[in-house]
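Hi,

Here is the structure I promised to pass on.

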Amino acid sequence: MSKIQQINRRDFVKIFGLASGGIILGCNASTVEKKFKPTINKDFFEPNLFIHLEKNGNVTLIASRSEMGQGIRTSLASAIADEMEADWKYISVKQAIGHEKYGNQNTDGSRSVRTKLEPMRKMGATAKLMLISAAARKWNVVASACKAENHYIINTNNNQKIFFGDLVEEASKIEIPAEENVQLKKVEDFKFIGKTLKSIDLKDFTHGTATYGIDVRIPNMKFAAVARCPVTFGNVKSFNKAKAEKVAGVEKIIQLDRLVPPIGKFFGMLGGVAVIANNTWSAFQGKLDLDIEWNYGENKTFNSEEFTNTLKERVQKKGKLVPGSRGNVNSAFKDSEQTVEATYQLPFLGHAPMEVPNATAWFQKDTIEVWAPVQDPQTARSEIAHFFNIPIENITVNVTFLGGGFGRKSKSDFVVEAVALSKEINAPVQVVWSREDDIKHSFYHATSVQYLKGGLDKNGNVTGWLQRVGFPSIVSSFKPLSDYASGFELGQGFTNNPYPLENFRLENVKAEVNLRIGWLRSVVHIHSGFGINSFVDELAFAAKKDPVQFHLDLLGKDRIIKGKSNYPFNSKRLKDVLNNTAKMANWGKEIPKNHGLGVAIHYSFYSYVATIVEVSVNDEKVKLENVWTTIDCGLSLNKDNIKNQLEGATIFGMSIALYGKISTNNGAVEQNNFFDYQLTRMKDAPKIQIEIMDKMHEPPTGVGEPGIPVMAPAICNAIFNATGKRVRSLPLVDLGMV
């Protein structure tokens, strides 16, 4: 771990987006005054960068986070509109370009609502207060005699009212109020927050008019496809382009050298051979017709199965002690009535978003403009500035809709490719990855192996817990030779195990890196949730106890643990979601023959989730029948979005458990497309029931990712309940169970 911890704090914060900071304009009055000066304009009112009110009453709100189906544009807009007392029919949303003036725009880590809700509320409340002040001036009354309601300011003395649009000119003259004068609504007064609100983009989504990255078209645009080395980090030795040049539409063939990012920053690009054409099909066909000889490099012998076996051997031996260990597990095991041991394994995983990576770029002299489905436009912008030596203020990154992201589109290698090619051909160009490109050349979720050993006393109580884990670290993408998991990764469900055991030992084993490793939806929580929940189920069986009650007993007395964040862990909230889910599933009921129920709980992104899965197993084939999930995510901004996210997480988690696997042989990824990297199909979807705990007075926490870590263990525990067979290695398709 010492190697990994050498990354300096500033670079670490930049890489992993841990500095939520404040939104640069409008988190507080002093910041607004320094960073944003409203202009006096008779035609529109802009109290801050996020609100634009016109005379006709139309309000355009800026979305600083990327929309990839999670509904964030609607959710954050509704928070502004609620505090502003706007009428939703007048609201529209405009996507922000990548720029530091909007604060942190990195859309990952399930933190958009958690970090942006209060600032967005303050934006709306500030605008409302200024509109009230403007109306008070017009009526020559004190502001306290006025109130905002449904796009009007009302004089409470005589019930006169003025439409928001009619206050534009006067409101633009009002000074921005000090933050202490801006009052936010009480929970009981919310109009949009905490309700079910239709997506503001629904019409565009359903009518096919939404513009995704792959839809971008600009005059004289060319199209490009890149052939990349089958072995990660390999490069071009030589190539013959004669056959490819004969493909109709192919205009130019260019070798792209790999761009290696500096330590601690950016993603670079793999390089290869690019085919430029006047249409996408020709570019793809030309790429297939290239004759390339590759230098495969050091990874040419990498075999994922052999690597997994190596990790399995390593976790059986003593590893590096991880902070958080306590007591003496060896003594606990010695004194135990019985011990239980198990080893769990998860493979590499790909993201496979429905929209493949793509980007359109136009490099013109000393300016660059990009159109792309990116989760982190600011990093993309900075990376372009670094590699092409262009002032960052001369670079514009336009964020389109994302057809899925899951963490893949927070890496901007495909954007760098487009910029490099545009510079080379002196024309706008769109780079489009094929599905095969996406699956074979991604930033993969790491494989992992975990060994767990637990002791039980004569009453079936856990006396000791030993857990060892090995997986290639994400930090390796930014710092070579990072062969041990980092502290921030181990903090995702491993070191913050929720059970208050007296004898508790955590260890980390070496895991070299041979592929590009990145974050995938829920990141290391996938490993932790699978290993811990599977093992608790094994302990419960060995103790001859009910799994739900065993979890509750392990959680112990209600307690609140304060950490470095503003979100202390509350064990009662985790118990509550478990009890509620058990009630939903009618846990303990008699179930049909060959059916089984499995339970899993997990705390991630400051949210509490419990899931129970019902499976049926016939002829050793597994089918999911029902999934019940409860989430406690604090204040629920948009209940419809939360439900959608958890339903999506259910299917995503199913795909991981049933099918998800990236494997390599001789350094090359073996999977190609959806026929051998399968996802859950509609016909396999179970009945899903979601309940959201009513915690409107608690701060909001993550939603997009917390529903995933519970799925695989709940499925595997249900299989054991139905068949008596333990599943400790995924995916199920490799075991012939789907």
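A cut-off to start with: I call a residue buried when its relative accessible area is under 20%. Keep in mind that this is a predicted model.

The part I'd look at is strand β3, residues 59–63. Five of its five residues are buried, so β3 is largely enclosed by the rest of the structure. Both of its faces are covered: Thr-60 and Ile-62 are buried on one side, and Val-59, Leu-61 and Ala-63 are buried on the other.

What does β3 pair with? Strand β2 (residues 51–54) runs antiparallel to β3, with three bridges joining the two. Ile-51 has Leu-61 as its bridge partner in β3. The β2–β3 hairpin has four residues between its strands, and Gly-57 there adopts a positive phi near 95°.

Strand β4 (residues 91–95) also pairs with β3, this time in the parallel sense and over five bridges. Here Leu-61 turns up again, standing opposite Val-93 of β4.

On confidence, the average pLDDT for the chain is 93, and 95% of the residues reach at least 70. Residues 1–34 are the stretch to treat with care, as pLDDT stays under 50 there. The model still has 83 contacts beyond four places in sequence for residues 1–34.

Cheers

How values were computed
Residues numbered from 1 in each chain as written. Predicted model: local features only at pLDDT ≥ 70, side-chain atom pairs only at ≥ 80, totals over all residues. Heavy atoms only, no water. Buried < 20%, exposed > 50% of the residue type's maximum accessible area, 1.4 Å probe, protein only. Pairing = 2+ DSSP bridges. pLDDT = per-residue confidence, 0-100. Contact = heavy atoms within 4.5 Å.
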